[in-house]
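Please look over the structure shown here.

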Amino acid sequence: MTRYIDVTDLSHLVARKGLTTCLEEMAEYIRQDYLRWHDFEKCARVANHSPDGVIELMPASDANLYAFKYVNGHPKNTRHGMLTVMAFGALGDVDTGKPLLLSEMTLTTAIRTAATSALAARYLARPDSRSMALIGNGSQSEFQAIAFHALLGIEEIRLYDLDPQATEKLAANLAAYPGIRLVKAASVADAVRGADIVTTVTADKACATILTPEMIEPGMHLNAVGGDCPGKTELHRDIVEHARVIVEYEPQSRIEGEIQQMPADSPVTEFWQLVNGEIEGRQAADQVTLFDSVGFAIEDYSALRYVLDVAKALEIGSEIELVPDLRDPKDLYALLQPAVTAVQKKRA
């Protein structure tokens, strides 16, 4: 049987564990798997682009488990009352090919994205960072804010979005976290000024310049989340050129990240090199660091592994017969016999 986790199941899982606990524990699962970087079969995600969006498949596997995620990105969906990002995923046993988990991944992706952002900031942001500008206050913003508060001790978050209603929504949702002080900014520049960390998580499928060079201050850590497909960026090229750039998987980031603006031989460091201690993260207090985050399949592998472990422990979800369980594995046709017999009798 295959464990099935729908949106309601995942919501119950998070409610029972607590969102901050899920963020902390998922970040640790992600860290553990990045430590095993060389154990994984890796590839850039397979993307099908259209004028208004993209649909992608994101696979990753090691010797034991195979994971994939189906995910879209359609910024105009909100005009029609639909989510910009929707996803589901699966986890399978490598030895047999048997599917072990079929799960929603819209909520799960939001959690794993925020967990990855905060995990990377542990290596790259100044240890005394206490303020963050959050540019883009849509569906991912609450998760980013709570993750940085829980994992890094961020106390002040400065909010800005072109849509004031999105900022009001975010502020209302964060009211349940009294340890976070919220500041509603009048512009991007206003939000960024004096911030220790700047997170950009905008949705437009465009080559945008949300951040410009004059906004950047020495020692800032930039967490660029929204530039995640070809032709979609958030940072001015000069910022990328002069920052210390960390990516998840260079072959994918060259196509989809902020570094798509840069020459193919421009220097970058992959995140796994920081996690295993091969390369130091922040090299100076006044250095500007950039986590050019587009999302990578190993993080989805980690997220699915975490969901399966917690769902089993809490007995959440249902067992479904996603693939046949046969007495004779060579007789697949036997599955049809009851239905065929019933139809034949009805016709007779």
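## Model and domains

This is a predicted model. The protein splits into two domains. Domain 1 is made of two segments, 2-107 and 299-325. Domain 2 covers 126-295. The domain centres, taken over C-alpha atoms, lie 23 Å apart. Domain 1 brings 23 residues to the contact, and domain 2 brings 24.

## The interface between the domains

The size of an interface is often given as the accessible area lost when the parts come together. For domain 1 and domain 2 that area is about 2000 Å². Carbon and sulfur atoms account for 69% of it. On the domain 1 side, Tyr34, Trp37 and Arg45 stand out: they supply 27% of the area that domain 1 buries against domain 2, more than any other three residues.

Polar links are also present. Four residue pairs are in polar contact across the interface. The count of salt bridges between the two domains is one. Arg45 forms a salt bridge with Glu256, with the closest N and O atoms 2.6 Å apart.

## The domain 1 face

Which elements give two or more residues to the side of domain 1 that touches domain 2? They are helix 2 (19-35), strand 2 (46-50) and strand 3 (53-61). Helix 2 gives the largest share, eight residues. By class, this side of domain 1 has twelve nonpolar, five polar and six charged residues.

Side chains of opposite charge can pair when their charged atoms come close. In the model, the count comes to 21 salt bridges. One of them joins Arg31 and Glu28, at 2.8 Å from N to O. Both residues sit in helix 2, about one helical turn apart, because three residues separate their positions. Arg31 is partly exposed, at 26% relative accessible area. Glu28 is also partly exposed, at 29%.

Arg36 and Asp33 form another salt bridge, at 3.0 Å from N to O. Asp33 counts as buried, at 1% relative accessibility.

Asp33 lies in helix 2. Its relative accessible area is 1%, under the 20% cut-off, so Asp33 is classed as buried. Leaving aside residues up to four places away in sequence, Asp33 touches Phe40, Ile298, Tyr301, Ser302 and Arg305.

Asp196 and Arg126 meet in a salt bridge at 2.5 Å from N to O. This pair links distant parts of the chain, 70 residues apart. Asp196 is in the loop between helix 6 (188-192) and strand 10 (197-200). Arg126 is in the loop between helix 3 (106-124) and strand 7 (131-135). Both Asp196 and Arg126 are buried.

Val240 lies in helix 7 (residues 237-242). Its relative accessibility is 4%, so Val240 counts as buried. Beyond its neighbours within four places in sequence, Val240 is in contact with Leu235, Val245, Glu258, Ile259, Gln261, Met262 and Leu290. The C-alpha atoms of Val240 and Val288 are 9.7 Å apart, while the two residues are 48 residues apart along the chain.

Thr269 is found in strand 15 (residues 269-270). Why does Thr269 count as buried? Its relative accessible area is 9%, and buried means under 20%. Residues up to four places away in sequence aside, Thr269 touches Arg244, Val245, Ile246, Val247, Leu274 and Ile279.

Technical notes: Residues numbered from 1 in each chain as written. Predicted model: local features only at pLDDT ≥ 70, side-chain atom pairs only at ≥ 80, totals over all residues. Heavy atoms only, no water. Domains from an automatic or database assignment. Contact = heavy atoms within 4.5 Å. Buried area = accessible area lost by both parts, 1.4 Å probe. Salt bridge = Lys/Arg side-chain N within 4 Å of Asp/Glu carboxyl O. Polar contact = N/O pair within 3.5 Å; in protein donor to acceptor, adjacent residues only side chain to side chain. Helix = DSSP H or I, 4+ residues; strand = E, 2+ residues; numbered from the N terminus. Nonpolar A, V, L, I, M, F, W, Y, C, P; charged D, E, K, R; others polar. Buried < 20%, exposed > 50% of the residue type's maximum accessible area, 1.4 Å probe, protein only.
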